[in-house]
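Please open the structure in your viewer and keep the selection tool at hand.

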Amino acid sequence: VGCKAILVFFQYGVMANFYWLLVEGVYLHILLVLIFSPNRHFTVYLLIGWGIPTIFIITWTVTRIILEDTGCWDTNEHGGPWWVIRIPILISIIVNFILFISIIRILLQKLRSPDVGGNDQSQYKRLAKSTLLLIPLFGVHYTVFALFPDRSSNNYKIIFELCLGSFQGLIVAVLYCFLNSEV
């Protein structure tokens, strides 16, 4: 039971990570689109970041108990329970990628406006810098292997995840906290 509880908590942490990346994307998109929005939807963000993963982890736990209650739940012989977690994560990755593209489009429009000074090279340099800063915040690197089956790309996925995914929190903390004069 302890092993299963630890795995449930682990899966909850993984899923909450993806949904908090989604919350960051939604929040930034709302800031750029609705400049003078007086509402700060922090309760909605909390429900998205912690609530949606809770619902799917409870559903996953129930399906594991009913369909595949073997061992420590670290193997996936039947696909059903695994997709209860995988589909919401894929949806959050896809929505976050769409928000990322939309924000890049908004930044490009703002850089092309006549109010912004500078030559084309400096504008594209600022766009490239903004894009590179948004990649770890949005978790865009997860889109690389999101739609591939786990078995076909597992070796490359592990290397990719270890190189980029492991340092994501550090990169976000350095870029958005430690190097930010407002924090």
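A residue is called buried when its relative accessible area is under 20%, exposed when it is over 50%, and partly exposed in between. Please keep in mind throughout that this model is predicted.

Select Cys3, which lies in helix α1. With a relative accessible area of 42%, Cys3 is partly exposed. Is Cys72 buried or exposed? At 16% relative accessibility, Cys72 counts as buried.

Display the sulfur atoms of both residues: they are 1.5 Å apart, and Cys3 and Cys72 form a disulfide. A disulfide is a covalent bond between the sulfur atoms of two cysteines.

Next, select Lys4 in helix α1, which spans residues 2-33. Which residue forms a salt bridge with Lys4? The partner is Asp69, and the closest N and O atoms of the pair are 2.6 Å apart. Asp69 is located in the loop between α2 (42-67) and α3 (79-112). The model's count of salt bridges is one.

**Third stop: annotated spans**

Now colour residues 18-37, 44-67, 87-107, 127-146 and 158-179, which an unreviewed UniProt entry annotates as "transmembrane region". Select residues 44-67: this span is 100% helix and 0% strand, with its end C-alpha atoms 33 Å apart. Then move to residues 87-107, where the chain is likewise 100% helix and 0% strand. Here the end C-alpha atoms lie 30 Å apart.

**Last stop: a nonpolar patch**

Finally, select Phe167, Leu170, Ile171, Val174, Phe178 and Leu179, and show the surface. Together these residues form a nonpolar patch with about 620 Å² of accessible area. One of them, Ile171, belongs to helix α6, residues 168-178. The relative accessible area of Ile171 is 35%, and the residue is therefore partly exposed, since this value falls between 20% and 50%.

Technical notes: Residues are numbered from 1 along each chain as its sequence is written. This is a predicted model: local features need pLDDT of at least 70, side-chain atom pairs count only at pLDDT 80 or more; totals for chains, interfaces and linings use all residues. Side-chain values use heavy atoms; hydrogens and water are left out. A salt bridge is a side-chain nitrogen of Lys or Arg within 4 Å of a carboxyl oxygen of Asp or Glu. Helices (H or I, at least four residues) and strands (E, at least two) are DSSP runs, numbered from the N terminus. Patches are made of residues with over 30% relative accessible area and no salt bridge: like charges are joined within 9 Å, nonpolar side chains (Val, Leu, Ile, Met, Phe, Trp, Tyr) within 5 Å. Accessible areas come from the Shrake-Rupley method with a 1.4 Å probe; for residues, only the protein chains shown count as cover. Buried means under 20% relative accessible area, exposed over 50%, partly exposed in between (1.4 Å probe, protein chains only). A disulfide is a pair of cysteine sulfur atoms within 2.5 Å. UniProt positions are given in the numbering used here, feature names are shortened, and annotations may be inferred rather than shown by experiment.
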